[in-house]
Amino acid sequence: MITLRKSAERGHSNRGWLDSYFSFSFADYHDPKNMGFRALRVINDDRIQPGKGFGPHGHRDMEIITYVLDGHLLHRDSMGERHILGPNEVQTMSAGTGIVHSEFNASETEEVHSIQIWILPAREDVTPSYQQIAFSPDEKRGHLRLLAAPDGGATIIHQDARLYVTELAPKQKVRHDLAAGRAAWVQVVRGSVNLNGADLSEGDAAALTDEPEVALAGAGEHGGEILLFDLR
Amino acid sequence: MSQPIVLVTFSCQTGETEKLALSAAVGAVQARALIRLRRIPDGDSVSDNAEAVRMRKEYVPPAEADVVGADALIFAAGSEADMLSAPWHDFLNLLLRLSKEDKLGGKVGASIGGLSAALAGLRFLTVTQLSSDALALGRNVAEMARSLKSS
């Protein structure tokens, strides 16, 4: 079964310095029917104005993954980590027993467009950690590039979930097999794609359950970029 | 039961007291509290060092709503001189007024550094320096606030 979640159905908040779309309930947007999907709790599509950002705030027991589409984010945290995150990189922070961090647009002139993802961990009280990896754009062009997984090959998360990214030119295809009992969430972060016969545009998403595979093809004039979650 | 809210208010121009404030905040998060971190604005002696510039960007000053909405308050000042600055004076006057209006009763108050004397006159339920370790202090304050909230 494929359940579509169109871009316009998402929650929306515009505070001036921050323009966000929420796939699931977050902050002032609360929809009891959209509290997450399996272990996936948050997908926020954020545009942060130059020089602005989230001041220091706390997290506990959450796997927090950040993927930047355009611009650069400056991250600082209570573990002493200080990094700049840009396109074709992924950052994963395991909040575990507790961390405090801040995230700011590292540029004083350019907007940053990023996707923040929260995944519920399989167990509480893990030791907080920070990971950031970079990859070549070619690794995601026409391929599923693993960004986060519990067992290596990417940043490590404390959950039986895998996050991939792929960028597809028009009509370019990738497939991903879903094992029995597994589900998938597909989030279009840029452009347009076709998913198992359904057309999806930027901001659209789909939940797949009891499906044997995820078949993706680039659509429209420019194709698209998607995040694919393989979830227990 | 809702999580206790711990407000951590500090003054700092070098980043050193900020580290203590962050440790206290992490301790509170470890104890499953929500945190609010606020920085007292610079007084007359405004530093232009990179840390001060960064902190001016990252933090907002404490507001009355922050104090009223918190279940526990932790204060951190780098030195006695900090506490004599006009912004600290203004903040302490706000606390004094809220105390007189009985809006601090039922809250936990704690300090890192030299603020204990200044806080002693305020009508918190508890004013205490629970530990010289900022992380442990944050944790203890949050646990105390949680206990009071549930009682």
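Start by selecting A:Val100, B:Val6, B:Phe10, B:Leu37 and B:Ile74, which touch the most other members of the 29-residue largest nonpolar core. A nonpolar core here is a set of buried Ala, Val, Leu, Ile, Met, Phe, Trp, Tyr and Cys residues joined through side-chain atoms within 4.5 Å; buried means under 20% relative accessible area with a 1.4 Å probe, protein chains only.

This is a predicted model, in which local features need pLDDT of at least 70 and side-chain atom pairs count only at pLDDT 80 or more, while totals for chains, interfaces and linings use all residues. Residues are numbered from 1 along each chain as its sequence is written, chains are lettered from A in the order in which they are written, and side-chain values use heavy atoms, leaving out hydrogens and water.

Next, colour β1 (5-10), α1 (16-30), β2 (34-39), β3 (72-76), β4 (108-112) and α7 (134-150) of chain B, the elements that each give two or more residues to this core. Of these, α1(B) gives the most, with 7 residues. Helices (H or I, at least four residues) and strands (E, at least two) are DSSP runs numbered from the N terminus.

Centre on B:Leu37. Leaving aside residues up to four places away in sequence, B:Leu37 touches A:Pro56, A:Val100, B:Val8, B:Phe10, B:Ala21, B:Leu22, B:Ala25 and B:Tyr59, contact being heavy atoms within 4.5 Å.

Then select A:Val165, A:Ala205, A:Phe229 and A:Leu231, which are among the 27 residues of another core, apart from the largest one.

Finish with A:Asp46, A:Ile48, A:Phe54, A:Thr66, A:Leu73, A:Glu103, A:Ser114 and A:Gln116, which line the largest cavity.

Key: Buried means under 20% relative accessible area, exposed over 50%, partly exposed in between (1.4 Å probe, protein chains only). On a 1 Å grid over the protein atoms alone, a cavity is a set of points where a 1.4 Å probe fits but cannot get out, and a pocket is an open set with protein on both sides within 12 Å along at least five of seven lines; lining residues have an atom within 4 Å of a point.
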